[in-house]
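Subject: Structure handover

Hello,

Here is the structure I promised to pass on. Please look it over first, then read the notes below.

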Amino acid sequence: MSAERLPQFVIAGAPKAGTTALHAALATHPGLYLSPVKEPKFYLTDGRPPPARTQRGPGDAHSAQEWVWRRDRYLDLFRRAPADAVRGESTPFYLYDRAAQRRLVADVPDVKVIAVVRDPVDRAVSNWVHLRADGLEPEADFGRAVALEDERVAAGWAPFWHYTRMGRYGEQLRNLLTLVPREQLLLLRFREVVAEQARTLDRVSAFLGVATGVARAVPAENVKPYVADPPRSRRLARLARAGAAAGAHVPPQVWRQAGRPLLTALHAGATERPPLPVEVRRAVLARVLDDIALLEEVTGESFEDWRGDTGRGDYASRAAAREADSGA
């Protein structure tokens, strides 16, 4: 085990909270080595392929093919790291998955964990927009999609469909802190990642023990547009879901190449995202209010701004909001 080159830090969460941008920015630092696969998901597995029982949602079985579950393949991700570089990877589902937390810490007891939290309603909306843009989310009404969450979880849909559960950071961090000391955790807020980039990168660099003032922000890639629900978009989305199901039986790169024209056509109908109705925000927020209180207890910080009717969505420029919707 001592000869294995494992990650020394992970960006563990949360999905749709700016982790893609943070990963890309840290990769510009010469003292850091980020795995070439951005989300290997290794610690979500126990050395076996992802179980079929958690691949029941549209596109889940196709996406599961990209998980790096073999240990030799995971170790290969870090073999080219310079001897003096601090090695890391980003899998934003590690924070959510309690078993992944245990596997990670058992394998790398001194691992440093970076967690980024975002207003849980804003995060859930961005998650839904992402899946709509991929043609996978069949529900065009966000509130209805959240109402279906319990049913979908019970049916075995993968974690990326767990819209509100993914935003229960208090429970997730409370569990993590039973496994690692507080000094091995760096908690960031989404607004810091997108609006205070230089300062945030310096905080992360100092936490990882590398020089500050070196990492630089990188423009967002793979930005996800808002796809409305006219008949044409519904037809294209149905084709995308059918293609993703078929793609479960071919190499991922084959389906991605084959599906690109379809997604281009789907995104051609993109429009501005409409404001979230206050009553919908309140209904979704009600599902996580208890956890926001727990998060404040666990961290000693206030998250009062998340309890309002607007969330944090109005604080940033549209460009920053779009950046948050890129990747996971």
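A residue is called buried under 20% relative accessible area, exposed over 50%, and partly exposed in between (1.4 Å probe, protein chains only). Helices (H or I, at least four residues) and strands (E, at least two) are DSSP runs, numbered from the N terminus.

This is a predicted model: local features need pLDDT of at least 70, side-chain atom pairs count only at pLDDT 80 or more, and totals for chains, interfaces and linings use all residues. Residues are numbered from 1 along each chain as its sequence is written, and side-chain values use heavy atoms, with hydrogens and water left out.

**The sheet**

Five strands form an open sheet, with parallel pairing. Their order is β2-β3-β1-β4-β5. Two strands pair if DSSP finds at least two bridges between them. β2 (32-34) and β5 (185-189) are at the edges with a single partner strand each, so one side of each has no neighbour in the sheet. On average, neighbouring strands are turned by 25 degrees against each other, direction ignored.

Strand β1 (residues 9-13) runs parallel to β3 (residues 86-90), and three bridges join them. V10 has E89 as its bridge partner in β3. Five bridges link β4 (residues 112-117) to β5, again in parallel. There, V116 has L188 of β5 as its bridge partner.

How is β5 covered on its faces? L185, L187 and R189 lie on one side, L186 and L188 on the other, and all are buried. Five of the five residues of β5 are buried, so the strand is largely enclosed by the rest of the structure.

**The cores**

A nonpolar core is a set of buried Ala, Val, Leu, Ile, Met, Phe, Trp, Tyr and Cys residues joined through side-chain atoms within 4.5 Å. The largest one has 80 residues. L22, L26, Y43, Y74, Y94, I114 and L173 have the most contacts inside it. Helix α5 (residues 120-133) gives the largest share of this core, six residues. A second, separate core of six residues includes L236, A240, L262 and L266.

Contact means heavy atoms within 4.5 Å. Leaving aside neighbours within four places in sequence, Y94 touches residues including V10, F42, Y43, Y74 and E89.

**A helix pair**

Helix α8 (residues 169-176) packs against helix α14 (residues 289-299) at about 35 degrees, with the axes 7 Å apart. Axes are lines fitted to C-alpha atoms, for helices over the stretch in contact, and angles run from 0 to 180 degrees between N-to-C directions. Y169, G170, E171, L173 and R174 of α8 meet D291, L294, L295, V298 and T299 of α14.

Best wishes
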